Amino acid sequence: TWPRLKENSDGSDDRESPPAPFLCQIKLTHPGLPPPWPGRLISVFLRHSSEQTVRSYADPSSEKYRPLQEEIDTSHCQPIRDVGLPAAPHSGNDGPEDQLDPFEPVALLQTVPDLRSILGHWSTDQEGLLAQLLCPGQYGYGLEAPNVFYQGGQPSLIQNPHDPECQVCGAALRFLFQFGDIVPKVQLADAGVVYVYGCDDHPEVCRGFLDSH
């Protein structure tokens, strides 16, 4: 069922509202995510509000993909290696200024085995080379949350924590992934980032939040 822009209090779709535009689909692959999350397909639909519409599927299939009506830029993120990055969240304006996000090139060079030596075959500036590999055309050495896709670990927050709860059992939701303004032809907000969380006991229940600067 294509979700509507407005939902009823019980979570069902409001048939009188227009369908929510499709935003992206993510297959969870991070080794740090426990069952039942590995391999699940998470679909995110854009709503111009703080909370986004999210659907979770146990078995990905072609029937759950929206057919393309036109040719679009299909560029996407390619992981260098699946690694368990340290759970060190960036705490927005309240955290230390020198705290690094796990996806920062300098942090990856410290935590991913052999990465520095591998890049050293191509450049003495491993940090700068890694920044360009992860985000081509990015100026400087650092990567910011609105420019990346990141799953597992802890969220890299640009605003206050979300503290989402399951709508079925009331338990705190697990952080699954986040992404910024990386979807072709879609601008989320002013340097926007979408954060998606899910319930370990009720994996069909996921919630997404859109923050911006």
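## Ground rules and overall fold

A contact here means heavy atoms within 4.5 Å. Take contacts in the protein between residues at least 6 apart in sequence: 50% of them join residues at least 24 apart. This is a predicted model, where local features need pLDDT of at least 70 and side-chain atom pairs count only at pLDDT 80 or more, while totals for chains, interfaces and linings use all residues. Numbering starts from 1 along each chain as its sequence is written, and side-chain values use heavy atoms, with hydrogens and water left out.

The protein has three helices and seven strands (DSSP runs numbered from the N terminus: helices are H or I with at least four residues, strands E with at least two). Their order from the N terminus is β-β-β-α-α-α-β-β-β-β. Of its 213 residues, 40% are buried, meaning under 20% relative accessible area with a 1.4 Å probe, protein chains only.

## Two nonpolar cores

A nonpolar core is a set of buried Ala, Val, Leu, Ile, Met, Phe, Trp, Tyr and Cys residues joined through side-chain atoms within 4.5 Å. The largest one holds 19 residues, and Phe-179 is among those that touch the most other members. Strands S1, S2, S5, S6 and S7 each give two or more residues to this core. Apart from it lies another core of 17 residues, including Cys-135 and Leu-157.

## Gln-52, tucked away

Gln-52 sits in strand S3 (residues 51-57) and counts as buried because its relative accessibility is 3%. Its side chain reaches the backbone nitrogen of Arg-47 at 2.8 Å. Leaving out residues up to four places away in sequence, Gln-52 touches several residues, among them Val-44, Val-194 and Phe-209.

Technical notes: Buried < 20%, exposed > 50% of the residue type's maximum accessible area, 1.4 Å probe, protein only. Polar contact = N/O pair within 3.5 Å; in protein donor to acceptor, adjacent residues only side chain to side chain.
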